[in-house]
Amino acid sequence: MWVLMASAYVAVPAHGDLARADVARRVKAIFIGSIGNLVEWYDFYAYAAFALYFAGAFFPGGDPVVQQLNAALLFAVGFIVRPIGGWLFGRMADHYGRRRALMASVLLMCFGSLIIALTPTYSSIGFMAPAVLAFARIVQGLSLGGEYGTSATYLSEVADKEHRGFYSSFQYVTLIGGQLCAILVLLLLQQVFLTGDQLRAWGWRIPFAIGAVLALTALAMRRNLPETDEFTAARSAATRKQASLRALMQYPREVLLVVGLTMGGTTAFYTYTTYMQKFLKLSVGLTDLQTTVVTGGSLLVALILQPIYGAVSDRIGRKPLLVWFGVMGVLLTIPLLDALQGTRSGLTAFLLICAAWVIVAGYTSINAVVKAELFPTHIRALGVGLPYAVSVSIFGGTAESIALWFKSIGHERWFYYYLTAVIAASLAVYLGMRDTRRHSSIGSH
């Protein structure tokens with residue numbers, strides 16, 4: 001669907017001077033790069049989607065909230081190592097090319113998914129079961145830590161200037177699409193192929209096996225991915241600068257901007273994606289089927305919003321969308337979550353989450369291109385990937401664990417105030433930063 005949208009969008013050039021062959025080359029590169037991104041995020045989010053079924057197999061005890069909290073803590077482990085992945089693959093992308101880094105990251109994700117699919121349960125090997133599961137999450141976290149910065153850099157560099165916001169929005173189209181695919185697999189297994197008992201006994205392994213196969217397919221596709229003109233030009237420069245932590249520290253303002261503009265958006269994003277499934281089940285009280293349908297339907301709406309907002313940013317700039325997310329997030333997060341917790345209707349829950357996505361899409365649709373536009377070519381993948389990964393580890397990866405912990409101590413509503421405060425901090429950054437569409441470093445080597 002989104003490929004057709006991309007083709008339709010670029011088929012009518014803004015200035016009538018884009019050659020058809022160039023358009024086709026860009027669309028093909030976007031497609032291949034994004035498909036790999038979708039597969040990686042499917043693998044990563046399959047853990048969150050199926051945690052309701054496999055948590056009991058790895059964490060003994062009768063309290064489902066505590067079991068989900070333990071599973072969420074391991075989900076957070078995958079985020080803790082993401083800065084290492086951002087550094088490792090960012091250096092690789094800036095030194096050896098975006099294509100090589102993208103291939104390596106999807107291969108690592110295949111390995112992590114395969115481990116989860118084959119790991120014995122607690123009843124078989126005791127405490128080694130959650131230990132192996134934690135190792136698999138570390139592997140997946142390293143992979144995603146590298147995937148974000150590299151794919152954000154690649155999609156931003158392969159786009160033409162007039163459509164850069166639209167093109168780069170497909171990072172979150174495929175990111176959300178990966179989670180949507182995980183939800184759809186869950187729905188099929190729930191309603192068509194397996195019973196609830198079968199899912200809890202062994203069926204939860206199926207999505208991870210599927211993910212490993214899809215990752216190998218994406219790897220084969222990425223072998224033919226063309227390198228970006230930006231990297232090629234920088235590599236052929238007479239005096240090429242080297243990407244390193246020392247070189248990155250020459251851009252302290254940009255690094256702090258990435259951290260500041262990410263913290264609120266990533267906390268909101270993981271609240272309405274990975275945590276929302278547990279929230280609908282444990283707090284709202286929806287059935288398994290209602291939870292899956294509402295989560296999947298809201299993700300589909302979120303997916304559709306991304307290219308729309310991205311295209312809008314190409315017209316009015318990036319900053320207005322960020323400010324929209326910040327202001328509306330501060331004003332409406334608590335009322336939305338209060339209303340969501342109070343409803344018992346699946347339809348009402350769906351509409352409330354969709355309303356939240358109308359707000360959050362102001363961040364998700366353009367955050368990749370904003371970060372890429374902050375850095376010159378020789379340091380871009382590392383500059384985007386590392387500070388983003390640090391921010392996600394601190395704020396995004398812990399969102400579910402913090403929410404479940406507040407719930408476990410009887411103060412679930414405290415999380416609403418926490419989320420609002422983090423968004424408010426990012427809003428201060430949005431108000432003070434320049435619009436990167438008008439002040440872009442893309443093209444600067």
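Reader: Quick one to start: is the crossing of α14 and α21 left-handed or right-handed?
Author: The α14/α21 crossing is left-handed, meaning the near helix is turned anticlockwise from the far one by less than a right angle, while clockwise would be right-handed. Before we go on, this is a predicted model, where local features need pLDDT of at least 70, side-chain atom pairs count only at pLDDT 80 or more, and totals for chains, interfaces and linings use all residues. Residues are numbered from 1 along each chain as its sequence is written, and side-chain values use heavy atoms, with hydrogens and water left out.

Reader: Ok. At what angle do the axes of α14 and α21 cross?
Author: Roughly 150°, and the axes of α14 and α21 (residues 414-432) come within 8 Å. Those axes are lines fitted to C-alpha atoms, for helices over the stretch in contact, and the angles run from 0 to 180 degrees between N-to-C directions.

Reader: And which residues in α14 and α21 meet?
Author: On the α14 side they include Leu257, Gly260, Leu261, Gly264 and Ala268. Among their partners in α21 are Phe415, Tyr418, Leu419, Val422 and Ile423. Contact here means heavy atoms within 4.5 Å.

Reader: How do the residues of that α14 and α21 contact divide?
Author: Into 12 nonpolar, 7 polar and no charged. Nonpolar covers Ala, Val, Leu, Ile, Met, Phe, Trp, Tyr, Cys and Pro; charged is Asp, Glu, Lys and Arg; the others, Gly among them, go down as polar.

Reader: What about α14 with α20, how do those axes cross?
Author: At roughly 35°, with the axes of α14 (residues 252-272) and α20 (residues 380-408) coming within 8 Å. The α14/α20 crossing is right-handed. Val255, Val259, Thr266 and Tyr270 are among the α14 residues making the contact, and α20 brings in residues including Val384, Pro387, Tyr388 and Phe395. The α14/α20 contact splits into 11 nonpolar, 7 polar and no charged residues.

Reader: Zooming out, how many helices and strands are there in the protein?
Author: 21 helices and 0 strands. Both are DSSP runs, numbered from the N terminus: helices are H or I with at least four residues, strands are E with at least two.

Reader: What share of the protein is buried?
Author: 60% of its 445 residues. Buried means under 20% relative accessible area, exposed means over 50%, and partly exposed sits in between (1.4 Å probe, protein chains only). The accessible surface comes to about 16,000 Å², with 68% of that belonging to carbon and sulfur atoms; the areas are from the Shrake-Rupley method with a 1.4 Å probe, and for residues only the protein chains shown count as cover.

Reader: Why is α15 largely enclosed by the rest of the structure?
Author: Because 9 of the 11 residues of α15 (residues 274-284) are buried. Lys278 is one of them, and so are Tyr275, Met276 and Phe279.

Reader: Let's switch to α16 and α18. At what angle do they pack?
Author: About 30°, with the axes of α16 (residues 288-316) and α18 (residues 346-364) 9 Å apart. That makes α16 and α18 roughly parallel, the word for angles under 35 degrees; over 145 is roughly antiparallel, 65 to 115 roughly perpendicular, and the rest oblique. Their crossing is right-handed. The contact residues come to 13 nonpolar, 7 polar and no charged.

Reader: Which α16 and α18 residues meet?
Author: From α16, Val294, Leu305, Gln306 and Tyr309 are among them, and from α18 the set includes Phe350, Ile353, Trp357 and Val358.

Reader: Last one: how far apart are the C-alpha atoms of Gly141 and Gly78?
Author: They are separated by 4.1 Å, though the two glycines are 63 residues apart along the chain. Gly141 is found in α7 (residues 128-158) and is buried, at 0% relative accessible area. Leaving aside neighbours within four places in sequence, Gly141 is also in contact with Phe44, Val81 and Arg82.
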